[in-house]
Amino acid sequence: MLSEKSLIHRFAAVALVLLSSACTVSAASDPIVTGPVPKPLAPCAWWYGIGDSPSAWEIKSAAKHYDVVVLNAWETAAMRKLHELNPKVKVLVYKDFSSARNYDGAIEGGRDAKYLPTGVGYFAAQQQHPEWFAIDTGGQRIEWADYPLHWQMTVWDPAYQTAWADAVVGEVLREGWDGVLADNDFSSLKYYSPAVIAGTADAAGTDRLLRDGLDGMLTLAGDALEKSGKMLVPNVSESQLTPGRWSAHSRYAGAMEENFGLRGDDGTGELITFQGNEFKEQRAQAALGESWLLLVTHTKSEQEERVGYASAALLASPHTCWTRADPDYKNPYWSLYQDARLGEAVETANRLPNGVWNRRYSHGWVAVNPTKTSVLLTPPAGLVTLRGEPVPQQLDLPPADAVVLVNGPKR
């Protein structure tokens, strides 16, 4: 069940989006507000730096370019250097909600490492609470496929939830992190294992158990971190499948979407980001301007990079950050689109009758075609490409593609 705070945030967000989409705000029709209206800015940049240890030049570059950086728990020196170089950057520690791990690095010489990628150590659970390891209907522990030595834990167990929250909050306060990026706030076990958890009848029952457990973990850890003045940002997966899940799980400091701008694999070519209710909820979150949207687009082509950035630009807010991953997170990436300098959004994102979304900025314009068919568009006059090339009066925008244009030189 959602807390009173969660319901207030959700209803406020929905109301704000409905208000934004229903009218064009002018000086005569500005709504009464109780505080400063957040500026809907072009996407900032962030780095999900959980690969190799960052080098000195990477830390220097990150302090200059990124608003948010996520690091492994053992990178405390890098975190402190980032804070020294740029006190405004938010540096979050990576912690996994759902697993215990016993690969080298997570364990050292037969014991848990000092700094863990999780909240509960493998040996601590093994020796003191073996019941925290989830088991399947055959009584076997569940190891994640493709991720050896990652073990599914009983995220629905209040004792596990408390141990995770106590350990992680304590570490954040002790070491000086700005907060936590909590990975694997997932909707389904099927991406990691076909197992059915003991006590559930089928895969659907297993997934409900996990989702309910993660709801509880999020609340416990989020309340504790928020009370301590720290951030909780979960990596929420497949939230387009469950209406309200993105809103509920981003209610503390925000949420991460690591498959943003992704083309579906159903053969239609459509962008799954715009399916279901997730994008509506992300628009509501962005409109409030109070929490972070940390968006990742996996890019194998310039088209995917363009789609990811333009889709993020539809969610303009003070805290919408986007990055590309090519193909993973090991290095800080900088995209030419992050140098577009679109400025401030001067209108809400608009969905046209043909299914295309667009948005005007003070220094440019973006459009995204999430559909499976090409669409003919007429961009605003006076725009050029990021390379300064002229733009035709009409553009044929292919399916699952986007365009990012900027203001041309004044005449």
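Arg306 is buried, with a relative accessible area of 18%; buried means under 20% relative accessible area, exposed over 50%, and partly exposed in between (1.4 Å probe, protein chains only). The model is a predicted one, in which local features need pLDDT of at least 70 and side-chain atom pairs count only at pLDDT 80 or more, whereas totals for chains, interfaces and linings use all residues. Residues are numbered from 1 along each chain as its sequence is written, and side-chain values use heavy atoms, with hydrogens and water left out.

**Salt bridges**

Arg306 meets the side chain of Asp401 in a salt bridge, at 3.0 Å from N to O. The term denotes a side-chain nitrogen of Lys or Arg within 4 Å of a carboxyl oxygen of Asp or Glu. Because Asp401 lies in strand β19 and Arg306 in helix α9, this pair ties together parts that are 95 residues apart in sequence. Helices (H or I, at least four residues) and strands (E, at least two) are DSSP runs, numbered from the N terminus. Asp401 is likewise buried, at a relative accessible area of 7%.

A salt bridge also joins the side chains of Arg387 and Glu302. Arg387 belongs to the loop between β17 and β18 (395-397) and Glu302 to helix α9, so the pair connects parts that are 85 residues apart in sequence. Arg387 is exposed, with a relative accessible area of 57%, and Glu302 is partly exposed at 38%. Glu302, Arg306, Arg387 and Asp401 are linked in a network of salt bridges.

In the whole structure, 11 salt bridges are found. Three of them are set out below.

| Pair | N to O distance | Relative accessible area |
|---|---|---|
| Asp401 and Arg306 | 3.0 Å | Asp401 7%, Arg306 18% |
| Arg387 and Glu302 | 4.0 Å | Arg387 57%, Glu302 38% |
| Lys81 and Glu84 | 3.3 Å | Lys81 35%, Glu84 57% |

Lys81 and Glu84 both lie in helix α3 (residues 76-85), three residues apart, which is about one turn of the helix. An α-helix has 3.6 residues a turn, so residues three or four places apart point the same way. Lys81 counts as partly exposed, and Glu84 as exposed.

Five strands form an open sheet in the order β13-β14-β15-β19-β17, with antiparallel pairing. Two strands pair if DSSP finds at least two bridges between them. The edge strands β13 (350-351) and β17 (383-384) each pair on one side only. β17 and β19 (residues 401-407) are joined in the antiparallel sense over two bridges, and Leu383 has Asn407 of β19 as its bridge partner. Helix α9 (residues 302-313) packs on this sheet, touching β14 (357-361), β15 (364-369) and β19, and its direction makes about 65° with that of β19. Contact means heavy atoms within 4.5 Å. Axes are lines fitted to C-alpha atoms, for helices over the stretch in contact, and angles run from 0 to 180 degrees between N-to-C directions.

**Helix α6**

Helix α6 (residues 203-227) has 25 residues and should span 36 Å at 1.5 Å a residue, which agrees with the 36 Å between its end C-alpha atoms. The expected span is 1.5 Å times one less than the number of residues. Among the buried residues of α6 are Gly205, Leu210, Leu214, Met217, Leu218 and Leu225. The elements that cover the buried residues include β7 (150-152), α5 (158-175), β8 (179-185), β9 (231-236) and α7 (245-249).

At the start of α6, a side-chain oxygen of Asp202 comes within 3.3 Å of the backbone nitrogen of Ala204. Just after the helix, Gly229 adopts a positive phi of about 75°.

Glu281, in helix α8 (residues 278-288), is buried with a relative accessible area of 6%. Its side chain reaches the backbone nitrogen of Gly244 at 2.6 Å. Leaving aside neighbours within four places in sequence, Glu281 is in contact with Pro243, Gly244, Arg245, Trp246 and Ser247.

Six of the seven residues of strand β11 (residues 292-298) are buried. β11 pairs in the parallel sense with β10 (residues 254-257) over four bridges, and Gly254 stands opposite Trp292. β11 also pairs in the parallel sense with β12 (residues 320-325) over six bridges, where Thr297 has Arg324 as its bridge partner.

Conventions: Polar contact = N/O pair within 3.5 Å; in protein donor to acceptor, adjacent residues only side chain to side chain.
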